[in-house]
Amino acid sequence: MHQVAVNRSTRTGRDFIETLIRPKDRQWALSLRRRFLETGSWGIDLQRVEARALRRDGTVIPIELTLSPIRIEGRWIFNLFIHDISESKRSQRALQGAEERFRRAFEDNRVGMALLSDEGVFTRVNAAFCELLGYAPGELIGNPFPEITHPDDIEASMTAVREIVAGDR
């Protein structure tokens, strides 16, 4: 977890736009605040917004923020809650990379491959699988695999699927 450029003793009462917002985003933030002060509306939803903030050392980090305006004695006070989401963003990128690698390995593979639901219904097939069996993807996806399985092999295939789903195989 990184420390965002805010701490109670040095930042309370200071302009959060100048303290936290990247220089290239400050005009937008200032115009958003000006709109709120003039109309009482941000014009956008500011509950749990993802943005970028400046750390004390000048590096930019992704954050999730919630901005809550409160009117006290005729004056607007803005409560700003910030959460560093750097780790979450890293995890998202890693997951997207893994999904892309799987997709490429599945789709570009010269070996016929299919994914089945727990009930044995085709959810995804690759081109090699379709070519091997002579079906178009649309003829397979959404249909149970026993429809293309030789009658003598259905019972053994269904047993195998049940064992895989149960984690026994």
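How many aromatic pairs does a search of the whole structure find? In this predicted model, the search returns 4 aromatic pairs. One of them joins Phe36 and Trp76 in an edge-to-face arrangement, with 4.7 Å from centre to centre and 70° between the planes. Because Phe36 belongs to helix α3 (residues 26-39) and Trp76 to strand β3, this pair ties together parts that lie 40 residues apart in sequence. Together with Trp42, Phe36 and Trp76 make up one aromatic cluster.

The protein as a whole contains 7 helices and 5 strands. Starting at the N terminus, the order of elements is α-α-α-β-β-β-α-β-β-α-α-α. Of its 169 residues, 26% count as buried. Among contacts with a separation of 6 or more, 27% are accounted for by residues 24 or more positions apart.

Three of the strands form an open, antiparallel sheet in the order β1-β2-β3. Strands β1 and β3 each have a single partner strand and stand at the edges, so one side of each is left without a neighbour in the sheet. From one strand to the next, the twist averages 50°. The antiparallel strands β2 and β3 are joined by 10 bridges; Ser68, for instance, has Asn79 in β3 as its bridge partner. Helix α3, which carries Phe36, lies across β1, β2 and β3 and runs at about 140° to β3.

Helix α4 comprises the 22 residues 86-107. At 1.5 Å a residue, this helix should span 32 Å, and the distance of 31 Å between its end C-alpha atoms agrees with that value. The buried residues of α4 are Ser86, Lys89 and Phe106. Their packing partners include the three strands of the open sheet, namely β1 (49-54), β2 (60-72) and β3 (75-84). The buried residues of α4 also pack against β4 (114-116) and β5 (122-125).

Methods
Residues numbered from 1 in each chain as written. Predicted model: local features only at pLDDT ≥ 70, side-chain atom pairs only at ≥ 80, totals over all residues. Heavy atoms only, no water. Helix = DSSP H or I, 4+ residues; strand = E, 2+ residues; numbered from the N terminus. Expected span 1.5 Å × (residues − 1). Buried < 20%, exposed > 50% of the residue type's maximum accessible area, 1.4 Å probe, protein only. Contact = heavy atoms within 4.5 Å. Phe/Tyr/Trp six-rings, centres within 6.5 Å; stacked < 30°, edge-to-face > 60°. Pairing = 2+ DSSP bridges. Axes fitted to C-alpha atoms, helices over the stretch in contact; angles between N-to-C directions.
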